[in-house]
Amino acid sequence: MTQLIGLFPTPVMRVESLLGADDVAALAKDVAGTTSMTNAYSDRLSHTAVTGDQANSLFARLGGLVLPKVAEFGEVLFGEQLRWQIKEIWVNVLEPGGRQAIHTHANSFISGVVYLTPAHPSANLVFHKAIGGSDFIFNNNNPNAAINAFNAGKWALPVTGAGDLVMFPSYLLHEVPVNQGDRRISVAFNAIPDRLDNLGYAIRFA
Ligand SMILES: [Fe+2]
């Protein structure tokens with residue numbers, strides 16, 4: 001017998017249709033005109049200010065829907081049912097031709113996105129294993145090389161529908177390539193647990 005073991009995999013959770021079609025349409029209508037901040041890297045991407053999930057009834061309702069799934073994903077990350085809170089939440093409107101530059105989310109453990117429109121395949125979330133470093137890098141990316149989970153440097157979500165929730169560890173590098181489809185509206189958030197306990201060495205977050 002030959003075994004191939006995938007050590008230390010990175011979890012990404014997609015919850016299909018967390019929001020129903022009526023909720024999606026109502027939320028998309030409510031948030032579409034609210035983004036007043038232009039992204040630093042793309043003038044076809046705009047955001048609302050980052051705020052807490054109690055800032056308005058829309059975010060509060062969305063937070064309530066999302067939190068049970070955040071706790072479920074948190075149990076995968078930390079092996080325990082923890083008390084989670086949405087620390088920040090904001091709206092993104094990505095117009096045709098817009099993109100989101102590669103980034104991570106600091107001071108957060110779980111980051112997620114709720115889609116209020118379908119994402120065109122060109123503008124699905126792309127996750128990266130690593131970029132840069134301080135040593136020389138060797139790769140074998142060429143037409144003869146089959147990409148697999150061990151040698152790939154990036155991975156794109158195959159499909160994202162309106163009403164879907166996607167969550168990932170906040171340290172994971174991600175980007176949205178140039179949107180070749182229609183306007184794409186999403187609500188993003190960062191979440192933290194109240195506490196982590198490593199053999200009695202505990203730390204609280206607020
Ligand atoms: Fe992000």
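**Exercise 1.** Which residue in β9 is the bridge partner of isoleucine 110?

*Solution.* The model is predicted. Start with the two strands: β6 covers residues 110–115, and β9 covers residues 165–169. They run antiparallel and are joined by five bridges. Within β9, isoleucine 110 has proline 169 as its bridge partner.

**Exercise 2.** Describe how strand β1 pairs with β9, and find the partner of methionine 13.

*Solution.* Strand β1 spans residues 13–15. Its pairing with β9 is antiparallel and has three bridges.

**Exercise 3.** Are the faces of β9 covered or uncovered?

*Solution.* Count residues, taking buried to mean under 20% relative accessible area. In β9, five of the five residues are buried. Next, sort them by side. Leu165, Met167 and Pro169 lie on one side, while Val166 and Phe168 lie on the other. Each of these residues is buried, so both faces are covered.

**Exercise 4.** Describe the packing of helix α1 with helix α2, giving the angle and the distance between their axes.

*Solution.* Helix α1 is formed by residues 21–31 and helix α2 by residues 57–78. The angle between them is about 145°, and their axes are 11 Å apart. The crossing of α1 past α2 is left-handed. On the α1 side, the contact involves Asp23, Leu27, Asp30 and Val31; on the α2 side, Leu58, Arg61 and Leu62. Sorted by class, this contact contains four nonpolar residues, three charged residues and no polar ones.

How values were computed:
Residues are numbered from 1 along each chain as its sequence is written. This is a predicted model: local features need pLDDT of at least 70, side-chain atom pairs count only at pLDDT 80 or more; totals for chains, interfaces and linings use all residues. Side-chain values use heavy atoms; hydrogens and water are left out. Axes are lines fitted to C-alpha atoms, for helices over the stretch in contact, and angles run from 0 to 180 degrees between N-to-C directions. Helices (H or I, at least four residues) and strands (E, at least two) are DSSP runs, numbered from the N terminus. A crossing is left-handed if the near helix is turned anticlockwise from the far one by less than a right angle, and right-handed if clockwise. Contact means heavy atoms within 4.5 Å. Ala, Val, Leu, Ile, Met, Phe, Trp, Tyr, Cys and Pro count as nonpolar, Asp, Glu, Lys and Arg as charged, and the others, Gly among them, as polar. Buried means under 20% relative accessible area, exposed over 50%, partly exposed in between (1.4 Å probe, protein chains only). Two strands pair if DSSP finds at least two bridges between them.
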